[in-house]
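Have the sequence and the structure open as you read.

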Amino acid sequence: MSATAGQAQGERGLAERLGLKPGQVVQEIGWDEDSDEELRQSIEELTGNELVDEDSEDVVDVVLLWWRDGDGDLFDALSDAMTGLADAGQIWVLTPKVGREGHVEPSDIGEDATTAGLAQTSSVSAARDWSGTRLVAPKGRR
């Protein structure tokens, strides 16, 4: 396998780790220079759509919320993220991994998610320096 083929396979794998599918509309909130470009590109490649910015008023299937310690109130950010989310949509909270500047404890995400009426379903290594926590509305509320 060539290095290029291996890289392409790895890029597809990043978006697939998040359970994304072709055709989904993904909104990105909290992008900054430290956000993982490889993950962003793999999402656009897999879904076939450009990422929608945080000012969009469109209904989206998935919200990517790049979140770092010190970014503010996570509960408020989650509440805002839910406004344009489709009924069966999901929010991925992407935080720096342990040992990285801006790391957020999973328990903090869990507390704010519960307060916002969301359930935590899974956690993944989303990219080299980023962990992902998947949040959804409880089944009775979808």
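## Starting with an arginine

Arg 40 counts as buried because its relative accessibility is 16%, and buried here means under 20% relative accessible area (exposed is over 50%, partly exposed in between, with a 1.4 Å probe and protein chains only). You'll find Arg 40 in helix H2, residues 37–47. Helices (H or I, at least four residues) and strands (E, at least two) are DSSP runs, numbered from the N terminus.

What is Arg 40 in contact with, leaving aside its neighbours within four places in sequence? The list is Glu 28, Trp 31, Ser 35, Leu 51 and Trp 66, where contact means heavy atoms within 4.5 Å.

## What you're looking at

A word on the model itself: this is a predicted one, where local features need pLDDT of at least 70 and side-chain atom pairs count only at pLDDT 80 or more, while totals for chains, interfaces and linings use all residues. Residues are numbered from 1 along each chain as its sequence is written, and side-chain values use heavy atoms, with hydrogens and water left out.

The protein has four helices and five strands, running α-β-α-β-α-β-α-β-β from the N terminus on. Of its 142 residues, 42% count as buried. Take the contacts with a separation of 6 or more: residues 24 or more positions apart account for 73% of them.

## A tryptophan pair

Trp 66, one of the contacts of Arg 40, turns up again here. A search of the whole structure finds one aromatic pair. Trp 66 and Trp 130 form it edge-to-face, at 4.7 Å centre to centre and 80 degrees between the planes. For the cut-offs, rings of Phe, Tyr and Trp (its six-membered ring) pair if their centres lie within 6.5 Å; planes under 30 degrees apart are stacked, over 60 edge-to-face, and the rest tilted.

The pair links distant parts of the chain, with Trp 66 in strand E2 and Trp 130 in strand E5 (residues 130–136), 64 residues apart. Both tryptophans, Trp 66 and Trp 130, are buried.

## Two nonpolar cores

The largest nonpolar core has 18 residues, and Leu 65, Leu 78, Ile 91 and Val 93 have the most contacts inside it. Such a core is a set of buried Ala, Val, Leu, Ile, Met, Phe, Trp, Tyr and Cys residues joined through side-chain atoms within 4.5 Å. E2 (60–66), H3 (74–82), E3 (85–96) and H4 (106–115) each supply at least two of its residues, and H3 gives the largest share, four residues. A second, separate core of 17 residues includes Leu 14, Leu 39, Trp 92 and Leu 94.
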